[in-house]
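This report describes the fold, the surface and the packing of one protein chain. The sequence and model are shown first.

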Amino acid sequence: MPKSKVVLIIKNGAEAESLKEKFNETKDFEIVRVCRDGENGLKAVTELKPDFLITELILSGLDGFGILNKIQNRGLKVRTIIISAFSDEDLIKRALDQGAV
């Protein structure tokens, strides 16, 4: 069975590399691109059409909500996971309402 393709959008390079290593150790996932900002991340999602997108909520330029909005508007089929240090229930609900899983 082929590995699921994943795009990561993580600001911190060390954290991104750590996540990439952990995912690539599995038999089920392959990190196909690591981006540090929302614009480049959206470009990667559009070009690579991954199975999953893992993104931070707060990013420079285009944030996690903006990415979700553009993914929906473009009709892209990618399961999106937003990671955040925020525990605000309104932010969580908003992300789920916009298509995050």
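A residue is called buried here when its relative accessible area is under 20%, and exposed when that area is over 50%. The model is predicted. On that definition, buried residues account for 35% of the 101 residues in the protein.

## Fold and overall shape

The protein contains four helices and four strands. Read from the N terminus, its elements follow the order β-α-β-α-β-α-β-α. The radius of gyration is 13 Å, close to the 13 Å that the globule rule gives for 101 residues, so the protein is as compact as a globular protein of that length.

Along the principal axes, the C-alpha atoms fill a box of roughly 35 × 30 × 20 Å. Among contacts between residues at least 6 apart in sequence, 67% join residues at least 24 apart.

## Surface and charge

The accessible surface of the protein is about 6,200 Å². Carbon and sulfur atoms contribute 50% of that surface.

The protein carries 16 positive and 16 negative charges.

## Nonpolar cores

The largest nonpolar core has 13 residues. Those touching the most other members are Val 7, Ile 9, Val 45, Leu 53, Ile 67, Ile 71 and Val 78. Two or more residues of this core come from each of β1 (4–9), α2 (38–48) and α3. Helix α2 gives the largest share, three residues. Apart from this core lies another, of seven residues, among them Val 6, Ala 16, Ile 31 and Phe 52.

Ile 67 is one of the core residues that touch the most other members. Leaving out residues up to four places away in sequence, Ile 67 touches Ile 9, Gly 38, Leu 42, Leu 53, Thr 55, Leu 59 and Leu 62. Within this list, Ile 9 and Leu 53 are also named among the core residues that touch the most other members.

## Gly 64 in helix α3

Gly 64 is located in helix α3, which covers residues 64–73. Is Gly 64 buried or exposed? With a relative accessible area of 0%, Gly 64 is buried, since the cut-off for a buried residue is under 20%.

Which residues does Gly 64 touch, not counting those up to four places away in sequence? They are Glu 56, Leu 57, Leu 59 and Ile 82. Ile 82 is 18 residues from Gly 64 in sequence, and their C-alpha atoms are 7.1 Å apart in space. Leu 59, also in contact with Gly 64, is touched by Ile 67 as well.

Note on methods:
Residues are numbered from 1 along each chain as its sequence is written. This is a predicted model: local features need pLDDT of at least 70, side-chain atom pairs count only at pLDDT 80 or more; totals for chains, interfaces and linings use all residues. Side-chain values use heavy atoms; hydrogens and water are left out. The radius of gyration is taken over C-alpha atoms; the globule rule is 2.2 Å times the number of residues to the power 0.38. Buried means under 20% relative accessible area, exposed over 50%, partly exposed in between (1.4 Å probe, protein chains only). Contact means heavy atoms within 4.5 Å. Accessible areas come from the Shrake-Rupley method with a 1.4 Å probe; for residues, only the protein chains shown count as cover. Lys and Arg count as positive and Asp and Glu as negative; His and the chain ends are not counted. The place of a charge is taken as NZ of Lys, CZ of Arg, CG of Asp or CD of Glu. A nonpolar core is a set of buried Ala, Val, Leu, Ile, Met, Phe, Trp, Tyr and Cys residues joined through side-chain atoms within 4.5 Å.
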